[in-house]
Every structure is written in structure tokens, then in C-alpha cells.
Amino acid sequence: MPASSLETIVSLCKRRGFVFPSSSVYGGLGSTWDYGPLGVELKNNVKRAWWRSVVHERDDMEGLDAAILMNRLVWKYSGHEATFSDPMTDCRACKARPRADHVFVAQKGRDPKGLVEINAAIAAKELSCPKCGSKDLTEARPFNLMFRTSVGPVDTGDESGLVYLRPETAQGMFVNFGNVLDTMRRKLPFGIAQVGKAFRNEITPGNFTFRTREFEQMEIEYFVRPGEDEAAHEMWIAERKKWYLDLGLRAENLRVREQEKHELAHYAKRCVDLEYLFPMGWSELEGIANRTDFDLKAHSRSPGNPDAVGELHYFDQEQKKHYVPYVIEPSAGADRGTLAFLCDAYEDSLVKEPAAEDTAKLRDLVENFARSVGRREGMDVDVKQRLQAAAETIAAGLPGTLPRLIGLMDDAEAGKIEVMKKVRGVGEKIAEEHTRTVLHLHPRLAPLTVAVFPLKRNEPRLVELARSIKRDLQRAGMRAVYDDTGAIGKLYRRQDEIGTPWCVTVDFQSLDDQTVTVRDRDTMQQERAPLAEIGPTLSARLR
Ligand code: GAP
């Protein structure tokens, strides 16, 4: 079963070095995260798998790595300066700041015709705050999501040095369309792929790495003849869905959703979202849009754009004419993809029942914790509700909910409640002894491919052989580690928890017959294999 709560994943990520809250020595910076030693391996593997699939394994794609800072005019003519904003309203009663267009759609059952209609409805007290129900809402104002900065050593106080941190990688590919076309002698259809950071001053970031202000995108701009765009769109929807499934995402957790008209970005004729069933519900993983000829036209010299130096069009040798290609854009998030793979791979279980009196003691403490949260004053209402609900569910389900309790014990907000110290004092030992957590990550995505252990760490011949096997596996291109810091059972459990697909154990028999034990994470089967075969066998399974 994939992870049932995001807290469980956040806790595992923090505990095992996948993702840490950013700037934590200064109290953090809301909704920003740092990928730790295992997280960076996992995310790099996701990006590498994507690049391999959309660039190296295709004949119609080229790669690009454009600058984050671009001429401001790019964002003027792409339409982002004028339209990349959300209309926000403030609730005077509870200080919530919901998106006004979302409130309108939810309460009126249809799309608003624009800001004017939204504000007329607010003035007529037809809309209410989705959090507290008050009709005392401020006039909705557009809030631009682009981060601003300035270039040059002197802040002139005007906008002459203004640049934006790019809110999507896409524009770097549009403005390089002519460069790639000419230098690589491409014919339609062909595409450009790019992986890189993007920045948005999101109003409601949250759900761990799902929505942040700094994130990474993996985007494709695929250029086709007008008229061939709809077939290319279908092709990419199928290709991108297959990529997630081939890397192990469960089919029942992935769905294709057609965006409704009111959801479409200003440039899109049609957009299909690939959605994943995250613990918080179905949410967007990737958008696959038909951007028509909007962007290439927007960056071409015309009466509407006197700043562009030329035209971004294509000369079709067969048809003997110039035209502007249409664009299909599969746009994925590297962080969201990584989070989805983590959630999907997660499995926890109770390996043995704790003693009844231990369970009863722990239940009392968790119930006590829930009551303390209820009494706590000055705590954010959402945090309070989340902690109380989690504690009540955990208490009712013990000992089956022990794995979920690990998440609650690691929750920073829960740690502010005094009783949590007592919960940890009892719970950590019981959880450690009675639960097993496994990440069933695809071997190509797993942060570590193989871990090598000597059966005894104080036996120099075993240690030496184990270290030399590890070195050989590293030379064969695998991420291999050596570990001798615990009993073999404990070492297996540690590797299961971070998703290492194979463990190799060197024992005394290895010294005589040059064979070792290879243990499979998913089946827990152990097989004896000749040393010489390990590298080639594991390499073949990674392909
Ligand atoms: N160029 C088109 C574009 O940027 P988008 O739907 O706004 O489209 C594409 O973004 C993908 O980027 C999303 O499907 C998501 O995976 C990722 N993404 C967008 N905003 C994000 C955010 N604030 N945090 C994390 N990922 C985000």
C-alpha cells in the first residue's frame, strides 16, 4: 500500500536524509526544502530517467540548458507580466486569503467573466470566505507570481535593471527555437527538452515538496506542422503516461484528466493533466498542453512586438512555404515526480505484535497528546485539527498504526506539545522493534543500488573482500556502499527503508568458494551467487 499520509513521507525523508527543511539552523523558511544525500540521488535519478527517455532514446529531440535570468522582454511578450497572476481576496474576519476565482466557481457553479464580475459578486455579498463563511471580503486584486530582482551593481530605484527569476523553463526553449533549428539542421516534427529551476511566489505553497516557491521542471516543447498538433498531443499523452508506469508507478494511482476551459492557461488550446493519487488526493503531476503557435508568434517581430529582432518561423521544403509551427508541451515537475515515486513506493507493516500492556500504555499517551493539542491556545487552527485528527486515528488503530506514529513523533509542530516527549520515550523503541518500512523504488531510481556487508566486522579477510566487491561495483557504474555498523538483520532493514534493491553479504564460505549472498529487497529472498556474476547481473537488471 502506498503512503497513506504525507506526514509519514515527510518523517521518513527527514529521518533518512532525503529532504530537510531549508535553513533550519535559523528556524527555516516556510515551504522551502533541501534535498539531502539520498534525496539528491533519487531526484537526479528521476531527472536522468526522464532525459534518457525523452532525449537519448528518441531521434526527434534535442536538449538545452538556458539561463534562468532572461531579458525582461521575454516575459512581457510571453504574456506573463500581464497575466501570470492570481486574483486574491482577503477575509477581514479570519484573515484567510483565498483565490477569488476559485471561490466564485465553487459558490456560483460557473466561471466568472473576469475580475469585474468577481468584484461585483463580492460587493453584493454573494461570495463568502471558504474558511469561516464571512461575507466580509476585500476587493479581489491580481497578485503576480513572478519573483523580481535587478541586474547590475547599483540599485537605481527605477525598473531599468528589472529581471525576473523564470517562472517556467519553457520560454528559454521558445526563444532558442531558431538557434536549435539552424545548428542541428532539424526538420519538423522535432522537440527541445530542458530540466531546470523555476520560481513562483505561490500564495499557498504547501503539502511538502508538492507546491513550493522554488522548484524544478522537466519540460519539452515539441514543434509540429499546424494540423498535425492534435495527433502529436495524443502521442505525448500516451508516452508520458507510459514513462511513469514503466518506472513503477501503480496504474490505479495515475489518471489522465482533461482541463476545463476556465482552467486553461492564456496560451493553451487544450491541456491534459496527468494526476497522481497523492495522500492529500488526486493532484497534478504533469500538464501536457497544446500551446498552438502562440509563443513563437509572440516572440516574432510584428506590429504588436516591435522589440523582437526577427521571426521565429519554419521553412517547409516540401510545401515550399514559411509558417509558424504549433507546439505540444509536456511539462513535468521533478520535485512532484520524485514525491509521487516516493509515496507510491512506500510500504510499512507490523512485523510482530507488541505486548498488550505496551500497546495500552502507548495508546494512553497518544490520547493524552490529542487532548493536550485540543487545549493548546494560540496554535494555528489547521495545524491543531491536523494533529488532533492524526493522534485520534493513531490511538484508535494501535498497534497497526505504529508506522504512522513514527511520522507524528517526527512532526515539528507535534514536538511543541510537552506530552510528545513521553510519547517518543515509549513509542520510538516499540516502533523500531515491531515495524518494517520498505521503499519499493524502481532499481533505476533508488538512491543506492547495492550495499555490501561483511558478516563480521572484526574479521579482516571478510572486511577486505567486502570492500573490494564494493569498489568493483562502483567501477561498474553502480552507486554501491559498504556498511558494517550493525548486525546483518538491522543493516537489511536500514537499506529497505531507503529503497536499496540489493544487499550483498560476504561470509566465511565466500573466502573458500568466491560466492556471496545476494538479498532482494522486495522478495527478501537470499541467493548464493558467484562473485564474478554480481556486477554483470545487477547491471543487466538496471537496464
Ligand atoms: N510551461 C508550462 C508550465 O509551467 P505548469 O502546469 O504551471 O505549466 C508544470 O507547471 C509542472 O511544473 C506542474 O505540473 C508541476 O509538476 C510543476 N510545478 C508547477 N508549479 C509548481 C510548484 N509551485 N511547486 C512544485 N512544482 C510545480
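Predicted model: local features only at pLDDT ≥ 70, side-chain atom pairs only at ≥ 80, totals over all residues.
A residue counts as exposed when its relative accessible area is over 50%, as buried when that value is under 20%, and as partly exposed in between. Lys 320 is therefore classed as exposed, because its relative accessibility is 58%.

Lys 320 sits in the loop between strand 13 (314-316) and strand 14. Its phi is near 55 degrees, a positive value in a residue other than glycine. A second case is Gln 514, where phi is also positive, near 55 degrees. Gln 514 belongs to the loop between helix 18 (508-513) and strand 21 (515-520). With 41% relative accessibility, Gln 514 is partly exposed. As background, most residues other than glycine have a negative phi, and most peptide bonds are trans.

Two peptide bonds of the model are cis. One runs from Leu 188 to Pro 189, with omega near -5 degrees. Pro 189 lies in the loop that links helix 8 (177-183) to strand 8 (190-199). The other runs from Leu 398 to Pro 399, with omega near 5 degrees. Pro 399 is placed in the loop between helix 13 (381-397) and helix 14 (402-410).

Strand 14 covers residues 321-323 and contains His 322. Beyond residues up to four places away in sequence, His 322 touches His 313, Tyr 314 and Phe 315. Between His 322 and Cys 343 there are 21 places in sequence, yet their C-alpha atoms are 48 Å apart in space.

The ligand comes next. There are 21 residues around the ligand, and those that come nearest are Glu 168, Arg 200, Thr 212, Glu 219 and Glu 284. Two of these glutamates can be described at the atom level. A polar side-chain atom of Glu 168 is 2.6 Å from a nitrogen atom of the ligand, and a polar side-chain atom of Glu 219 is 2.5 Å from a nitrogen atom of the ligand. The backbone takes part as well: a polar backbone atom of Gly 333 lies 3.0 Å from an oxygen atom of the ligand. The ligand taken alone exposes 560 Å², of which the protein buries 91%. Strand 9 (214-224), strand 12 (281-292) and strand 15 (326-333) are the elements that each give two or more residues to the shell around the ligand. Strand 12 supplies the largest share, 5 residues. Sorted by class, the shell holds 10 charged, 6 nonpolar and 5 polar residues.

Strand 12 also holds Asn 290. Asn 290 has a relative accessible area of 1%, so it counts as buried. The side chains of Asn 290 and Asp 229 are joined by a polar contact of 2.9 Å. A polar atom of the Asn 290 side chain also lies 3.0 Å from the backbone nitrogen of Thr 292. Leaving aside neighbours within four places in sequence, the residues in contact with Asn 290 include His 233, Tyr 267, Lys 269, Arg 270, Tyr 326 and Ile 328.

In soluble globular proteins, nonpolar side chains tend to be buried together. The largest nonpolar core here has 54 residues, and Ile 9, Phe 18, Trp 243, Tyr 244 and Phe 341 have the most contacts inside it.

Technical notes. Residues numbered from 1 in each chain as written. Heavy atoms only, no water. Near = heavy atom within 4 Å. Polar contact = N/O pair within 3.5 Å; in protein donor to acceptor, adjacent residues only side chain to side chain. Areas by Shrake-Rupley, 256 points an atom, 1.4 Å probe, with all protein chains shown as cover. Helix = DSSP H or I, 4+ residues; strand = E, 2+ residues; numbered from the N terminus. Nonpolar A, V, L, I, M, F, W, Y, C, P; charged D, E, K, R; others polar. Contact = heavy atoms within 4.5 Å. Core = buried A, V, L, I, M, F, W, Y, C linked by side-chain atoms within 4.5 Å. Buried < 20%, exposed > 50% of the residue type's maximum accessible area, 1.4 Å probe, protein only.
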